Amino acid sequence: MAEAHSAVAFSFAITHDGWDVNFDREVLYLVWESGLRSWKKRLARFRNSVNNGVYPGHLQSLYVLWTLLVAAHFGGFNIPLGLVHKALAVLPGTSTMWQVIACLLAALTMWLSVIFFMRYLLKLLLMYKGWMYENRAPGSKISLKTMLWVSVVKVLSGWNKPRLYSFQGSLPRLPLPAVKDTMRRYLVSVRPLLDDENYKRVEKLAKEFEETIAVKLQRYLVLKSWWSSNYVSDWWEEYVYLRGRSPLMVNSNFYGTDILLRPTTIQAARASTVIHFCLKFRRLIERQELEPIMLQNMVPLCSWQYERLFNTVRVPGVETDKIVHYQDSTHVTVYHKGKYFKVLVYLRGRLLNPAEIQVQIQQILDDKSEPAIGEERVGGLTAGERSHWAHIRQTYFNRGHNRTSLHCIERAAFNVCLDDIEYGFDENDSDKLDQYGRVLLHGKGYDRWFDKSFNLCFSTNGFVGFNTEHTWADAPVMGHLWEYVIWSELEYGYNPDGNARGAVEAPPPAPTRLQWDLNNEELLKAINISNSIAEKLLNDVDLRILMYTKYGKGFMKTCRVSPDAFIQLVLQLTYYRTAGRFCLTYEASMTRLFREGRTETVRSCTIESSQWVKSMQDPNATIQERMELFVKASKRHQLGYQDAMAGRGIDRHLFCLYVVSKYLELDSPFLQEVFNEPWRLSTSQTPHGQTNLLNLKKYPKCVSAGGGFGPVADDGYGVSYIIVGEDMVFFHVSSKKSCPLTSSTAFVQQIETSLKDVQDLFVEYKKLNNGVKSNK
């Protein structure tokens with residue numbers, strides 16, 4: 001009851017003597033500060049919206065133009081199109097003040113006309129994707145067309161420093177491919193997977209689809225592509241993520257690891273510093289002081305996904321979930337040894353420094369109280385089936401302590417997990433690295449709040465990682481946050497004793513223990529059901545992490561092939577050797593060159609890659625033949641990746657056609673064929689070096705081991721990789737123990753063998769060429 005009373009700012013009562021008013025000045029001051037902070041943010045958002053709306057122009061240029069028109073008007077010069085006189089004709093007077101206002105209206109008209117012409121021209125220019133297909137090998141030259149395009153784009157976008165969302169209005173829409181083109185690309189992509197008989201069958205289905213219902217389905221997509229900002233993203237988010245009823249843990253959420261260099265071994269110090277810089281990154285987003293990511297330092301990527309990085313939660317529903325984003329949050333929630341705490345990270349409108357947050361974190365670590373009944377495993381509800389969690393949420397979390405505590409977690413900027421075990425990077429012990437990945441991917445199943453946009457996880461020995469909900473954004477956004485946090489943490493540093501830096505002039509707000517009312521037989525049974533599902537799921541995960549240090553990007557560059565194509569071909573060879581066949585392979589590619597773009601699929605198993613793999617298995621194939629096929633396959637892969645980024649992919653178009661067919665209740669044997677084939681090899685390259693923040697010369701071990709995800713198919717592999725240096729590549733390989741056809745250990749061992757075989761191929765080829773030259 002004392003806690004409830006302290007939360008009341010004021011109270012009043014009517015007595016015989018009149019009104020009796022009591023109020024708490026401190027609480028009222030907090031209310032005032034909260035309102036003031038909210039209005040400041042609204043004003044900043046309005047100012048940013050104006051600046052973004054007129055980019056690449058600047059308000060200062062309007063003031064300069066206004067001054068010039070005033071001087072020209074009163075100097076007797078003619079204003080183009082007679083704009084000042086036309087403005088005076090509609091104004092109520094002709095005095096000096098009204099003439100100045102007329103000059104302002106004329107300047108505004110001229111200025112907006114130029115600005116919108118520049119924005120439209122920039123949008124047209126950004127639709128050009130020919131620059132992506134230009135050869136960037138040493139000694140190659142770009143075309144005259146691309147050179148002219150580069151010059152104009154730089155002129156239009158280089159006037160002033162862009163803000164995070166400055167280019168949003170200038171980004172083109174994702175183009176809708178023609179059905180004919182998608183069918184052609186699809187048939188080429190499945191050719192290495194089918195024998196002649198099955199290929200002819202699929203070819204016939206594709207032709208029938210193209211000539212019949214595809215015409216009608218495409219018309220609806222054309223209309224959607226005209227009307228919406230992106231014809232794919234909203235349906236992708238809804239049907240691929242939000243309508244999924246299976247657990248988020250392992251199936252959807254992904255994880256990321258710490259850097260190899262551990263700056264401190266003190267858990268509280270590490271947690272407080274990382275929390276502080278995550279919140280500073282949030283402030284950069286709110287103020288739009290973060291610059292957008294630019295490819296080639298020239299072409300902007302869509303920044304839409306950053307909006308929901310913080311203060312966001314996926315709320316379960318019976319049939320479909322929803323993403324809820326809160327405009328502001330002044331706290332984070334912390335889980336430690338089965339207990340949840342609310343930690344205020346602002347004091348009188350000021351973000352607490354790392355040392356102050358460390359005091360709060362240490363208070364949580366020192367708390368010896370026991371969890372309430374059911375509290376330790378309540379987070380397991382977010383790891384179980386979504387419909388089950390939705391029913392329980394509606395029934396038992398709609399009032400009282402449960403509603404208040406749940407609301408606190410869901411409104412938090414993010415969730416923090418202070419784990420009670422040691423884990424982290426150890427290059428001399430691969431088992432510890434595997435355990436590190438498993439802890440971040442699923443933990444104990446109940447010690448992460450999987451609905452939150454992301455969870456920060458801290459080990460007792462100072463390592464950190466994150467677990468991210470996938471619906472709101474893709475991995476590059478979390479990668480950008482992680483690069484900023486890691487760089488800022490190293491630059492800011494720690495005290496010599498390993499504690500967080502900063503002055504603690506006054507005690508920061510003490511953490512508040514969240515209260516739960518879970519002592520209900522049906523509720524406890526429901527929590528146990530979710531936890532048993534989560535436990536079964538996590539025990540089935542077979543995760544291995546490979547740190548390969550024999551070569552990396554340095555050797556791949558000498559081969560003059562794309563490093564990504566290099567790795568993908570290695571994975572094709574590895575899968576064929578372990579499974580004895582080829583499979584449908586998924587590689588994620590971004591479409592953020594377009595407004596609200598997310599991802600597209602690169603089908604890495606191609607006719608060219610399969611021919612090269614077969615040559616590697618053929619003892620009669622010569623080195624020359626293998627090398628020619630490798631180069632051909634790598635070029636084909638790179639073309640597929642470029643097509644995907646340029647909006648010429650296959651799978652998102654087919655996905656949208658499938659959605660429209662379901663709305664219209666039209667059955668298509670072809671679409672059923674497409675979506676019945678599982679992605680047995682699902683791959684993704686973890687982004688690295690998206691910004692120029694990291695100084696690897698100063699901090700050579702300031703590189704992350706990357707991250708990973710669970711397998712997409714029950715009988716397949718999930719493979720994530722990151723090329724972090726000249727001589728280092730990490731692979732995260734996951735599969736299911738329950739499948740007798742897969743083994744992450746065997747796959748990792750085969751990756752090592754394949755990497756060595758490809759290296760030997762290049763070495764032998766160079767020796768062969770050098771021998772030929774010397775004979776000449």
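In this predicted model, the sulfur of Cys-457 lies 4.5 Å from the closest cysteine sulfur, which belongs to Cys-417, and that is too far for a bond. A disulfide would need the two sulfur atoms to be within 2.5 Å. Cys-457 is also buried, because its relative accessible area is 0%. Cys-408 has Cys-417 as its closest partner too, but here the sulfur atoms are 14 Å apart, again too far for a bond. With a relative accessibility of 9%, Cys-408 counts as buried. Across the structure, the number of disulfides is zero.

Cys-408 leads on to helix H14, where it is one of the buried residues. Helix H14 covers residues 400–411, twelve in number, and these should span 16 Å at 1.5 Å a residue; the end C-alpha atoms are 17 Å apart, so the two values agree. Besides Cys-408, the buried residues of H14 are Asn-402, Ser-405, Leu-406, Ile-409 and Glu-410.

H7 runs through residues 179–190, and its twelve residues reach 17 Å from first C-alpha to last, close to the 16 Å expected at 1.5 Å a residue. Val-179, Thr-182, Met-183, Arg-185, Tyr-186, Leu-187, Ser-189 and Val-190 are the buried residues of this helix. Their cover includes helix H8 (196–211) and helix H9 (213–227), as well as strand S18 (599–603), helix H22 (651–663) and helix H23 (669–676).

A search of the whole structure finds three cavities of 30 Å³ or more. The largest cavity holds about 110 Å³ of space. Its lining consists of 16 residues, and Leu-174, Val-232, Thr-599, Glu-600 and Arg-652 are those nearest the centre. Helix H10 (233–242), S18 and H22 each contribute at least two residues to this lining. What kinds of residue line the largest cavity? Six are nonpolar, seven are polar and three are charged.

Two individual residues show what a buried position can look like. Tyr-165 is found in the loop between helix H6 (144–157) and H7. It counts as buried because its relative accessibility is 13%, and the cut-off for a buried residue is under 20%. Setting aside neighbours within four places in sequence, Tyr-165 is in contact with Asn-52, Ile-285, Gln-288, Ser-303, Tyr-306 and Glu-307. Between Tyr-165 and His-480 there are 315 residues of separation in sequence and 15 Å in space, from C-alpha to C-alpha. Thr-683 is buried, with a relative accessible area of 1%. Not counting residues up to four places away in sequence, Thr-683 touches Gln-568, Leu-571, Thr-585, Tyr-586, Glu-587, Ala-588, Phe-709, Val-719 and Tyr-721.

Exposed positions complete the picture. Lys-767 belongs to helix H24 (residues 744–775). Is Lys-767 buried or exposed? It is exposed, because its relative accessible area is 53% and the cut-off for an exposed residue is over 50%. The C-alpha atoms of Lys-767 and Leu-164 are separated by 50 Å, and the two residues are 603 residues apart along the chain.

Backbone angles deserve a brief look as well. Most residues other than glycine have a negative phi. Leu-81 has a positive phi, near 65°, and is a residue other than glycine. Its place is the loop between helix H3 (59–74) and helix H4 (83–90). Leu-81 counts as exposed because its relative accessibility is 70%. Asn-297 also has a positive phi, of about 55°, although it is not a glycine. Asn-297 lies in the loop between strand S4 (294–295) and strand S5 (299–300), and with 73% relative accessibility it counts as exposed.

Methods
Residues are numbered from 1 along each chain as its sequence is written. This is a predicted model: local features need pLDDT of at least 70, side-chain atom pairs count only at pLDDT 80 or more; totals for chains, interfaces and linings use all residues. Side-chain values use heavy atoms; hydrogens and water are left out. Helices (H or I, at least four residues) and strands (E, at least two) are DSSP runs, numbered from the N terminus. The expected span of a helix is 1.5 Å times one less than its number of residues. Buried means under 20% relative accessible area, exposed over 50%, partly exposed in between (1.4 Å probe, protein chains only). Contact means heavy atoms within 4.5 Å. On a 1 Å grid over the protein atoms alone, a cavity is a set of points where a 1.4 Å probe fits but cannot get out, and a pocket is an open set with protein on both sides within 12 Å along at least five of seven lines; lining residues have an atom within 4 Å of a point. Grid points are joined across faces, edges and corners, and a volume is the space filled by probe spheres set on the points. Ala, Val, Leu, Ile, Met, Phe, Trp, Tyr, Cys and Pro count as nonpolar, Asp, Glu, Lys and Arg as charged, and the others, Gly among them, as polar.
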